[in-house]
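Subject: Structure for your review

Dear colleague,

Please find below the structure that I am handing over to you, followed by an account of what was found in it. I would be grateful if you read the text with the structure open.

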Amino acid sequence: KTPKSKTPKILYFGKDRPERTILLIAGTHGNEPAGSIYLTDQSIIGKIKDCAKNCNIKIIVIPKVNEQGFILNKRKVPDPIPWDLNRAYPKKGDQGVRKIINTYLPLINQAQLVVDLHEAKGFRKITKGTKGSGIYSNEYGNSSTIVQKMIQNVNNIIDNQDHCFVTDNLKAIPGSLRYYCTEHEIPYILVETTVIEPIETRFTKLDNIITTLLSTFA
């Protein structure tokens, strides 16, 4: 029996009236688990909590936005008719919004930066058909500057130069979170690890990337 999709768990850290609000989201595609595993690790949660407390920012974390897909290791939300969450964000003029998305869309709208954790096959540096091992911004706010710092720092811990992270001007796909943020001029960063690497390797790289993000607000 196909499980019904559920409202995602949302974690809040920091003050109610912060200088800025950061949204970290993972698990959009259930078969891309590294981000969800990372954002549910208690040591990482502690690091995020400390940053929010000490830096006068609010950090909102949605670690498994597609929790049922994560449980089943399926890309799409496993409703009776499966659907791709990252093709269902409303475009300007759309009338309907999927129930799951509607529960946290106001959080996206209030954020000064959205960081979206995904995974892809391959390494973009050597295979242009993939987004894997890439970090991409929509160039609003200081997102591009943060991306450059992320790439510089994470590449310092990577021995194989073919596996280094790169950035690029990606075309936003209608219905994706990136497309929504771009339409609404919300600074956005897409982080794509490489799913064929060991989970420990992806975790280490994500930790470096998110630590760099948090350090920009210190």
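Please note that the model is a predicted one.

Helices α2 and α7

Helix α2 covers residues 42–54, and its axis comes within 11 Å of the axis of α7, with a crossing angle of roughly 5°. The two helices are therefore roughly parallel to each other. On the α2 side, the contact is made by Ile44, Lys47, Ile48 and Cys51, and on the α7 side by Phe203, Asp207, Thr211 and Leu214.

Aromatic pairs

Which features describe a pair of aromatic rings? They are the distance of the centres and the angle of the planes. Three aromatic pairs are found in a search of the whole structure. One of them is formed by Tyr38 and Phe203, an edge-to-face pair with 5.1 Å from centre to centre and 65° between the planes. This pair links distant parts of the chain, since Tyr38 belongs to helix α1 (residues 34–39) and Phe203 to helix α7 (residues 199–215), 165 residues apart. Tyr38 counts as buried because its relative accessibility is 0%. Phe203, at 22% relative accessibility, counts as partly exposed. Phe203 also takes part in the contact of α7 with α2.

A further pair joins Tyr89 and Tyr104: the ring centres are 6.4 Å apart and the planes stand at 70°, so this pair is edge-to-face. Here too, distant parts of the chain are linked, with Tyr89 in the loop between α3 (67–72) and α4 (99–110) and Tyr104 in helix α4, 15 residues apart. Tyr89 and Tyr104 are both buried. Together with Tyr180, these residues form one aromatic cluster.

A charge over a ring

What sits over the ring of Trp83? It is the charged end of Arg98, at 4.2 Å from the ring centre.

The loop between α5 and α6

Gln161 is placed in the loop between α5 (143–155) and α6 (177–183). Its relative accessible area is 47%, so Gln161 is partly exposed; the cut-off for exposed is over 50%. Gln161 and Lys125 are 36 residues apart in sequence, while their C-alpha atoms are 8.8 Å apart in space.

Yours sincerely

Methods
Residues numbered from 1 in each chain as written. Predicted model: local features only at pLDDT ≥ 70, side-chain atom pairs only at ≥ 80, totals over all residues. Heavy atoms only, no water. Phe/Tyr/Trp six-rings, centres within 6.5 Å; stacked < 30°, edge-to-face > 60°. Helix = DSSP H or I, 4+ residues; strand = E, 2+ residues; numbered from the N terminus. Buried < 20%, exposed > 50% of the residue type's maximum accessible area, 1.4 Å probe, protein only. Lys NZ or Arg CZ within 6 Å of the ring centre and 35° of its normal. Axes fitted to C-alpha atoms, helices over the stretch in contact; angles between N-to-C directions. Parallel < 35°, antiparallel > 145°, perpendicular 65-115°, else oblique. Contact = heavy atoms within 4.5 Å.
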